[in-house]
Amino acid sequence: MTTAYYTFEQHFAHNTGDDHPEHAMRLLAIEQGLKQSGLWQELDIIQGSMAHTPDILRAHSHGYYDQLQLIQPEQGHIYVDEDTPMAPGSLEAALYSVGTCTQALDDVLHRDSQHCNAFVGVRPPGHHAEHKKSKGFCFFNNIAICGLRAADIHHLQRVLIIDFDAHQCNGTIDILANDQRFLICSSFQHPFYPNSHYQVGLHNNVLNVPMDAGTGSQEFRDKVTDAWDDAIRKFAPELILVSAGFDAHEADPMAELNLQDNDYTWLGNWIGEIAANRNTPVLSLLEGGYDLNALARSVVSYIRAMQ
Ligand SMILES: [Zn+2]
């Protein structure tokens, strides 16, 4: 079995301007990190593809989808919300994001696949996008779209979603709250952006783990294992989807958690062990991570541990 790394060049067309933290260099830094570490040569590198509209419409409203096509600029930028810039190529990039993620999903779920583990280097990210609105650099919720495709098309009954980005996955919860086919485990800095759906016990399929600013390695590991281990064992997932954001790293300028490179090794090992128990496929989708060096090292640590 080989780990697959999915990518697509259409993301370059999502030009977010000079001063925006979410830009194409993030994916280039990851690729360079993978190459320098020697890991790139061990991965199957696969080019992504365009989304199928029905996949998007399982997670997002028709009105929102149509509106994005209508407001797409012919030049320059507009802001779809206060944080999310849209350039002439942004919608195509967002559609390739979705299509590449669902392509990787079908791959890890295919009975004869060589890949039971895949990482998608994707931008724009997805976990803040809600049913009817963009938010936090995100147009379409890649992970919720994959989850709904896994449940509706592949007929899975139990899909685990783990989100260790520093920011809470408001969009994923907005779309999948109270749908018992999903267990959503989210760790995040609190109080902090996006400040919604963060309460513990608010939805019966969501296990929120808020963390104070300054939380470091051991406290992070203890909190997530205490909150999630038993519930995940009982849930017995048939698929693990990971919103893999790396902005909880100490070096990241966008949040104030203090994870280190080896915490992403730990996360890769921990998720890999859950998967190994039942031969469960794992699909990880990039979310945040804005310090280029820390992002590249963290992704390398995580993928290496998952192998
Ligand atoms: Zn984030």
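Which residues of S1 point one way, which point the other way, and are they buried or exposed? Ala4 and Tyr6 point one way from S1, Tyr5 and Thr7 point the other way, and all are buried.

1. **Ground rules.** This is a predicted model, so please keep in mind that local features need pLDDT of at least 70 and side-chain atom pairs count only at pLDDT 80 or more, while totals for chains, interfaces and linings use all residues. Residues are numbered from 1 along each chain as its sequence is written, and side-chain values use heavy atoms, with hydrogens and water left out. Buried means under 20% relative accessible area, exposed over 50%, and partly exposed in between (1.4 Å probe, protein chains only). Helices (H or I, at least four residues) and strands (E, at least two) are DSSP runs, numbered from the N terminus.

2. **The sheet.** Eight strands make an open sheet, in the order S2-S1-S5-S10-S9-S6-S7-S8, with parallel pairing; two strands pair if DSSP finds at least two bridges between them. At the edges stand strand S2 (44-47) and strand S8 (206-211), each with a single partner strand, so one side of each is left without a neighbour in the sheet. From one strand to the next, the twist averages 15°. Axes here are lines fitted to C-alpha atoms, for helices over the stretch in contact, and angles run from 0 to 180 degrees between N-to-C directions.

3. **Strand S1 and its surroundings.** S1 (residues 4-7) runs parallel to S2, and four bridges join them. Tyr6 has Ile46 as its bridge partner in S2, and Thr7 stands opposite Gln47. Helix H1 (residues 25-37) lies across S1 and strand S10 (282-286), running at about 150° to S1.

4. **The zinc site.** Asp165 (OD), His167 (ND1) and Asp247 (OD) coordinate the zinc ion at 2.0 to 2.1 Å. Donors are N, O and S atoms within 2.8 Å of the metal (3.2 Å for Na, K and Ca), and water is not among the atoms, so the site may look incomplete. Along the chain, the donors follow the spacing D-x1-H-x79-D.

5. **A closer look at His167.** Both His167 and Asp247 are buried; for His167 the relative accessibility is 8%. Its side chain makes a polar contact with the side chain of Asp247 (3.0 Å). The backbone oxygen of Met254 lies 3.5 Å from a polar atom of the His167 side chain. A polar contact is a pair of N or O atoms within 3.5 Å; within protein, one must be able to donate a hydrogen and the other to accept it, and residues adjacent in sequence count only if both atoms are side-chain atoms. Leaving out residues up to four places away in sequence, His167 touches several residues, including His127, His128, Phe188 and Tyr193, where contact means heavy atoms within 4.5 Å.

6. The expected span is 1.5 Å times one less than the number of residues. H9 is mostly covered, with 11 of its 15 residues buried, among them Leu295, Val299, Tyr302 and Met306. These buried residues pack against S1, H1, strand S5 (117-120), S9, H8 and S10. In helix H4 (residues 90-109), 20 residues should span 28 Å, and the end C-alpha atoms are 29 Å apart, which agrees. Of those 20 residues, 16 are buried, so H4 is largely enclosed by the rest of the structure.

7. **Backbone spots to check by eye.** Most residues other than glycine have a negative phi, and most peptide bonds are trans. A cis peptide bond joins Arg123 and Pro124, with omega about 0°; Pro124 is in the loop between S5 and helix H5 (142-152). The bond from His190 to Pro191 is also cis, with omega near -5°, and Pro191 is in the loop between strand S7 (182-189) and S8. His155 has a positive phi of about 60°; it lies in the loop between H5 and S6 and is exposed, with a relative accessible area of 58%. Asn195 has a phi near 55° and, at 43% relative accessibility, counts as partly exposed.
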